[in-house]
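Subject: Structure handover

Hello,

Here is the structure I promised to pass on. Please open it alongside this email and follow the notes below.

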Amino acid sequence: LQISEPNEFDIMLVMPVARLQLEECDDTGAYYYLTFKRSPKEKYLLKFLDEDGKLSAFKMLQALREIIKQEVKTIKSVEVIVKRKKAGSPAITLLIKNPPAEISVDIILTLEVQQSWPPSTQDGLKIEQWLGRKVRGEFRNKSLYLVAKQNKREKAPRGNTWRLSFSHIEKAMMNNHGSSKTCCESDGPKCCRKGCLKLLKYLLEQLKMKHTKELEKFCSYHVKTAFFHSCVMWPNDTDWLLGDLDHCFQKYLGYFLDCLQKSQLPHFFIPKYNLLSLEDKASSNFLSRQINYQLNNRFPIFQE
């Protein structure tokens with residue numbers, strides 16, 4: 001779904017862990033403290049526990065950063081720099097300096113656990129009408145991913161929180177996005193779902209470049225979440241005919257604007273987690289105004 005230059009890549013570094021005890025650390029249902037029920041098979045993980053016996057994302061990221069720094073020194077063919085740590089970011093970012101362009105690679109530490117999804121996800125992933133009940137069941141049987149992510153709402157951040165990640169499921173939904181099983185396959189009918197998502201991603205990217213400060217709270221995940229909700233609201237492939245791109249884009253954009261106005265965008269997998277909090281109402285209003293201006297003036301930003 002990269003739109004402009006292919007100069008940014010995300011790599012999940014997945015570590016399988018046998019069993020973990022998940023304890024919600026706030027009311028979002030997305031952030032957890034992790035402990036081991038009994039002494040883990042993976043003894044090497046014990047050194048990453050904090051004094052309360054919780055698995056410390058901070059300690060693990062620190063160790064991974066050191067390994068990567070050492071490894072990068074051995075690369076001679078091209079100049080690679082490990083970027084300075086960004087507060088609260090789950091990623092270790094490498095800059096690969098090389099003509100014709102500089103490439104940045106985010107390495108994201110991810111734990112993979114073979115256990116059932118926590119209760120906060122029970123009413124999420126409402127894809128029955130769109131992709132079917134069977135597919136939903138298959139998705140929910142897949143492993144649970146947790147990324148080392150600092151929870152901003154913690155009063156005293158200690159670096160021991162982890163956030164659920166569903167990027168593997170999101171990727172699967174993107175790749176098989178049709179209600180008919182042949183949508184956009186080589187011999188199947190084409191739809192404009194991905195086209196719509198790319199347009200709104202691009203619109204947000206361009207607006208963020210112009211208004212960095214005002215729109216810093218927004219990221220492409222907001223747009224992607226609204227996209228999945230739209231796929232559920234308009235579940236049929238005939239709702240997304242390739243020739244109807246501008247009409248479909250306006251419908252999807254209308255839904256996104258509605259979310260901004262209400263400051264209400266539920267996480268697709270964790271419905272009680274609202275991605276647009278009321279304290280960010282000012283930035284939601286700002287983005288809403290910017291998008292409406294584009295909409296009413298036939299998107300000058302696409303022409304630039």
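This is a predicted model: local features need pLDDT of at least 70, side-chain atom pairs count only at pLDDT 80 or more; totals for chains, interfaces and linings use all residues.

Residues are numbered from 1 along each chain as its sequence is written, and side-chain values use heavy atoms, with hydrogens and water left out.

Start with helix H4, residues 193-210. Helices here are DSSP runs (H or I, at least four residues), numbered from the N terminus. H4 has 18 residues. From first C-alpha to last it reaches 26 Å, close to the 26 Å expected at 1.5 Å a residue. That expected span is 1.5 Å times one less than the number of residues.

Which residues of H4 are buried? They are Arg193, Cys196, Leu197, Leu200, Lys201, Leu203, Leu204, Gln206 and Leu207. Buried means under 20% relative accessible area, exposed over 50%, and partly exposed in between (1.4 Å probe, protein chains only). The cover over these buried residues includes helices H3 (167-175), H5 (220-233), H6 (245-262), H7 (281-296) and H8 (300-303).

Now look at arginine 193, which sits in H4. Its relative accessible area is 0%, so arginine 193 is buried. Its side chain makes a polar contact with the side chain of aspartate 237, at 2.8 Å. A polar contact is a pair of N or O atoms within 3.5 Å; within protein, one must be able to donate a hydrogen and the other to accept it, and residues adjacent in sequence count only if both atoms are side-chain atoms. Beyond four places in sequence, arginine 193 has contacts (heavy atoms within 4.5 Å) that include Trp130, His177, Phe227 and Trp240.

Next, H4 against H6. Their axes come within 9 Å and cross at roughly 55°. Axes are lines fitted to C-alpha atoms, for helices over the stretch in contact, and angles run from 0 to 180 degrees between N-to-C directions. H4 is therefore oblique to H6. Oblique covers what is left once under 35 degrees (roughly parallel), over 145 (roughly antiparallel) and 65 to 115 (roughly perpendicular) are taken out. Residues making the contact include Gly195 and Leu199 of H4 and Tyr252 and Phe256 of H6.

Most residues other than glycine have a negative phi. Arginine 298 has a positive phi near 55°, and phenylalanine 299 has one of about 55°. Arginine 298 is exposed at 71%, whereas phenylalanine 299 is buried at 10%.

Best wishes

Technical notes:
Helices (H or I, at least four residues) and strands (E, at least two) are DSSP runs, numbered from the N terminus.
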